[in-house]
Amino acid sequence: MIRPIQPADVPVTVALVHELAEYEREPQSCRLTEEQLTAALFCEAPALFGLVAEDDSGEVVGTALWFLNFSTWRGVHGIYLEDLYVRPAARRGGHGRALLRELALIADSRGYDRLDWAVLDWNTQAHAFYRSLGAEPTEEWTGWRLHGGALSAFAGT
C-alpha cells in the first residue's frame, strides 16, 4: 500500500499536490510542475523525498512529500512533512495513517527525534485525525514566511 515515490509516479503526484491546493482553497498559488518535482526528488543529492499510497487496484491515491529538518536543541534531524494528501474517495481507507506510520518508521529507524507538519486552522477534520494518532499541536509557535515580492525586496533584488 505504501512505497517510495518512483519517477513514473511524478505526474499523479503533481496532480495530487494541485488537488491539495484546491482543497486548501489556494489553487492559484500552486505552480508545481512535473519537471520541478522530478528535479527535486531524483537529483544527485535530493532534499525532497516522497511516498505514495496505492489502493487495492494499484492506483496511487495519496502522497506524502517530506524533507529533513534539524533540531539544534536536540542535536538530531527530524522530518518535516510538507504535503500529505489522500484523494477524497480513498479517505477512511487507512492510507493517510499508513503514510504517516511509514514516515514515523523512517524517523525512528534513523534516530530522528520528531515528525513535524502544519495544518490550516480551519481544517478541523485533519486536526481530529492527527490528534487520534497521538500528535499534538504546537500552539506556542506561530509560523512566519517571507515569500514572493517581500522576499525579493528583503534580499535587495
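1. Basis. Residues are numbered from 1 along each chain as its sequence is written, and side-chain values use heavy atoms, leaving out hydrogens and water. Because the model is predicted, local features need pLDDT of at least 70 and side-chain atom pairs count only at pLDDT 80 or more, while totals for chains, interfaces and linings use all residues.

2. Arg-25. This residue sits in the loop between helix H1 (10-23) and helix H2 (34-41). Helices (H or I, at least four residues) and strands (E, at least two) are DSSP runs, numbered from the N terminus. Arg-25 is not a glycine, yet has a positive phi of about 65 degrees. Its relative accessible area is 57%, which counts as exposed (over 50%; buried is under 20%, partly exposed in between; 1.4 Å probe, protein chains only).

3. Arg-92. The loop between strand S4 (76-86) and helix H3 (95-109) holds Arg-92. Its phi is also positive, about 70 degrees, although Arg-92 is not a glycine. Arg-92 is exposed, at 81% relative accessible area.

4. Largest core. A nonpolar core is a set of buried Ala, Val, Leu, Ile, Met, Phe, Trp, Tyr and Cys residues joined through side-chain atoms within 4.5 Å. The largest one has 18 residues, and Leu-51, Ala-64 and Leu-84 are among those with the most contacts inside it. H3 gives the largest share, five residues.

5. Leu-84. Contact means heavy atoms within 4.5 Å. Leaving aside residues up to four places away in sequence, Leu-84 touches Leu-20, Thr-63, Ala-64, Leu-99, Leu-100 and Tyr-130.

6. Second core. A separate core of 15 residues includes Leu-16, Val-17, Cys-30 and Tyr-85.
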